[in-house]
Amino acid sequence: MDTDEGETVYYVISDLHIGGDEQLGDIEFRDELLAFLRRLETTTESAELIINGDAFGLWELTTAEGVEKFDLLVETYPELFAQLRATGENTPITLLPGNHDHELAAYDEYCDRLAAYNVTLVQDLSMTRSVGEHIIYFEHGHQQDPNNRIEDFGNPSARPLGYYYNTLVTSRAGQLSDRGRYNWLKDVQAVTPTERMPVWLFSKYFYREMNPVLRYSLVPFLLLFNVSVVLAVLAGLDLAGIWSLPFDWITAFLRQFGRTGTAVWFLLAINVAVAGLLVLVGIPLYFIRRDIRKTINRFGVFETDLSVDPIAPYEDAAEKVFKQDPDTVVYCYGHTHRPKQTEVEEGIVVNTGTWLKRLHRRDGLIGILPPVFHPSYQLLAVRIEPCQGGVAVEYEEIEKSSPATEELTRTERLFTIGRESDFSLPDRTIVGSGTSNGSDEESDENAGPSEKASRAG
């Protein structure tokens, strides 16, 4: 490492969301988190661990109130709190509240409770740290999200829209999850943006909860739907006497296979009939839906989308921070659960991701089967240190095996072959020194535009 001797190195993590009703209480990354904390317990470097918001899922704990929730956390996770105490004796731990654990800022008692485990609680929206001559700005990021912005920060009665969603929907999912054929409903926390919730629920119902006989009887129709639409159009052209040649070719081809061809023809005939009916019904419905949407927009019923851009608001906020204090070169946030690094004119914007499971929507290869939500983990800590007169930012990934094999059915894996997600992390970046890391320059030739921009400094 290029760190100057005696300079502090900062490790930043966020969005652990530890705690919640019933099934939400499982820490699926427990072993990895404890191992990471043990590493900092024995490190010889001058380091500080910063937990940049949403360490705990206090919104999802609905069986206790106020500081009672902390007692419940300690009782539920004694090994974790014991390790925090041990790690904090060697490496200072600083905790910044997020939206899910906003109550940490609402009750002063939390400061003393956490201090007993060598965790320093900063009851504020943001904080800074010095790295050489430069400043690093930290905030969780929920204040840039209108659905989770807390106008009266520190008020225990503050209730943004996200509070109700998590106390009523997410916590309830944790209570009901083990009633399914598979314990999947607890993954509701990993569904982002929340507008995907209905699609995700339908997907899990189809692949996990639907009666297998019903599901496998629907699969051929759904797979052949696109083909059936084409055949329905050709059949209409044939019946109208406009163009019969393609339909005659298909008929002649299937007859070559005897009974098998007849069976396929029978299946296609059913699909064509249903597809044709859906097409006929769908055309007027499309225009009706379009007219309804125009009417809604005209009245301004939905002036803003529920989805929040995971990048633009934070770049705007970072630019304001950088302009207010030119020494600030890194704006570090979490909240969106998307590990990403982007460049603005005065510095870089760094997202620390999440330790929760992530779900990536993947549409099927063919047909109109429900989309598949591929699960993955991308546990990481962002390491920030002085380097070459500037600040080096590096994503350190913590290995955890993919849950896809266990959690996806054979049908889901089969119909999304080759559509796995790209889990690459940003390269090590140096900002504020006027130069770039040599290894970044060497790999710049093969990098995409966004990657090149993130390396600029």
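These legends accompany close-up views of a predicted model.

**View 1. Lysine 186 and its place in the chain.**

**View 2. The surroundings of lysine 186.** Leaving aside residues up to four places away in sequence, lysine 186 touches Gln23, Leu24, Glu28, Ser177 and Lys357. With one of these, glutamate 28, there is a polar contact between side chains, at 2.7 Å.

**View 3. The seven-stranded sheet.** Here we turn to an open sheet with mixed pairing, whose strands run in the order β4-β3-β2-β1-β12-β13-β14. The edges belong to β4 (119–121) and β14 (429–431); each has a single partner strand, so one side of each has no neighbour in the sheet. From one strand to the next, the twist averages 25°.

**View 4. The pairing of β1 with β12, and helix α1.** Strand β1 (residues 9–13) pairs with strand β12 (residues 379–387) in the antiparallel sense, over three bridges. To find your way around this pair, pick out valine 12, whose bridge partner in β12 is valine 382. Helix α1 (residues 30–42) packs on the sheet, where it touches β1, β2 (47–52), β12 and β13 (390–398). The direction of α1 makes about 165° with that of β1.

Terms used
Residues numbered from 1 in each chain as written. Predicted model: local features only at pLDDT ≥ 70, side-chain atom pairs only at ≥ 80, totals over all residues. Heavy atoms only, no water. Contact = heavy atoms within 4.5 Å. Polar contact = N/O pair within 3.5 Å; in protein donor to acceptor, adjacent residues only side chain to side chain. Pairing = 2+ DSSP bridges. Helix = DSSP H or I, 4+ residues; strand = E, 2+ residues; numbered from the N terminus. Axes fitted to C-alpha atoms, helices over the stretch in contact; angles between N-to-C directions.
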